[in-house]
Amino acid sequence: MRFRHAFITGAAFLVATATLATPSIANAADKYKIFLSMSYSGNGWQTEAQNMIEAMAKAHGDQLELKTQIAGTDVQRQIQQINAMVQAGANAILVYPISPTALNAAIKNACAKHVVVFAYDSKVTEPCAYNVYTDQTKLAADSAEWVAKKMNGQGNLIFVTGVSGTSVDTERNDAARDIFKRYPQIKIVAEPNGMWSTAIARKVLTETMSTRKWSDVNGIWGAAACYVGWSMQREAGLSADKLVPCGVEGLNGMRVAMLKKGTATTVNGDYLPPAGAPGVSLESHPASGALALKLALKVLGGGTVPKTTLMPLEAVTPENARLCKTGSWVEMKDGCNTFDPARVPPSWVSNIYSPDTPEIGLAAALNRLPEPK
């Protein structure tokens, strides 16, 4: 009989639950065939999330084999991938959906063949699928409110958007705009599309600022906007105490800059030094896919899990930014939330800790390795 692991549920899970017929396994000794279908993969978050999924797969390697495919931003290609995964004998499919609705027919077909389907971070609306994600509406609303107040409710704002079509980008943009509308003296003067990528964000912000001066900008909002925006401001000659308020990303480069001035960190030319930069850091949880894999194993083993699982959401500001010394899961559990420049690239996110995934930590995010047992 296949060994069934115990799983942490706790406050991260919503109360509503649902069941799905347990897939038939030809041989109890066989490993489950689990497939990962990624969409856009051109940023640090996606790489980090994939690393954590693969680390979780290694932590449960006695139960599964994992195969990964990348569809990019092509919806039809992702549909074809899901159909092919079903034909290849998938027991479960993890998917980062490029659209909340376009994949529904393929997902419904997979469910009809007793394939367990989990979407992570970006949601799908097909009822038979499971969703594991961060509350993007709260993330965006809280961060936009913080930025608006730091702007004293007035001034020019640059609003940076992400990967169009995903539920993440739509929900974030809608929620943030609703907040900024409450401040009629805040004017959104540009809406560059940064694709949640520091490289693309620098390109589009450079284009945006080609006809503006940083002295004419009073705030920035959007993923992959803060670390890049602050870097560009320093390059333009602004002092650390003149950086504009910014939210929302979880990039380590942003959080290091938010540490109190004088915090001892390794010198790294790619980073801004700790300066108490005025930011609020909130981010989609990169462990959502790894937790989806863990929950899929539970469903495959005959267990019941919620159809919707929310990942933890923590706001980090200069007041509570705290440097991790070792980066272990236990240390993160104790409250550190930022990593030394010698450990983590500035474009990778720092919100690695989740109480439901003790199998994975910093080593998983960086090197696809589970935590030591």
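These entries record what I looked up on strand pairing and helix packing in this structure.

**Basis.** I worked on a predicted model, in which local features need pLDDT of at least 70 and side-chain atom pairs count only at pLDDT 80 or more, while totals for chains, interfaces and linings use all residues. Residues are numbered from 1 along each chain as its sequence is written, and side-chain values use heavy atoms, leaving out hydrogens and water.

Entry 1: I looked up the strand order and found an open sheet of 6 strands, 3-2-4-5-6-13, with parallel pairing. Strands (E, at least two residues) and helices (H or I, at least four) are DSSP runs numbered from the N terminus, and two strands pair if DSSP finds at least two bridges between them. Strand 3 (64-70) and strand 13 (308-310) are the edges; each has a single partner strand, so one side of each lacks a neighbour in the sheet. Neighbouring strands of this sheet are turned by 15 degrees against each other on average, direction ignored. Within the order, I noted that strand 5 (residues 116-120) and strand 6 (residues 130-133) run parallel and are joined by 3 bridges. Alanine 119 has asparagine 131 of strand 6 as its bridge partner.

**Entry 2: strands 7 and 8.** I found 4 bridges in the parallel sense between strand 7 (residues 155-159) and strand 8 (residues 186-190). Glycine 155 is opposite isoleucine 186 in strand 8. With helix 5 (residues 167-180), the two strands make a right-handed β-α-β unit (with the strands pointing away from the viewer, the path from the first strand over the helix to the second runs clockwise).

**Entry 3: helices 2 and 3.** Helix 2 (residues 75-87) packs on helix 3 (residues 104-112) at about 10 degrees, with the axes 9 Å apart. Axes are lines fitted to C-alpha atoms, for helices over the stretch in contact, and angles run from 0 to 180 degrees between N-to-C directions. Helix 2 is therefore roughly parallel to helix 3 (angles under 35 degrees count as roughly parallel, over 145 as roughly antiparallel, 65 to 115 as roughly perpendicular and the rest as oblique). Ile79, Ile82, Asn83 and Val86 of helix 2 make the contact with Ala106, Asn109 and Ala110 of helix 3; contact means heavy atoms within 4.5 Å.

**Entry 4: helices 6 and 7.** The axes of helix 6 (residues 198-209) and helix 7 (residues 226-235) cross at roughly 50 degrees and come within 9 Å.
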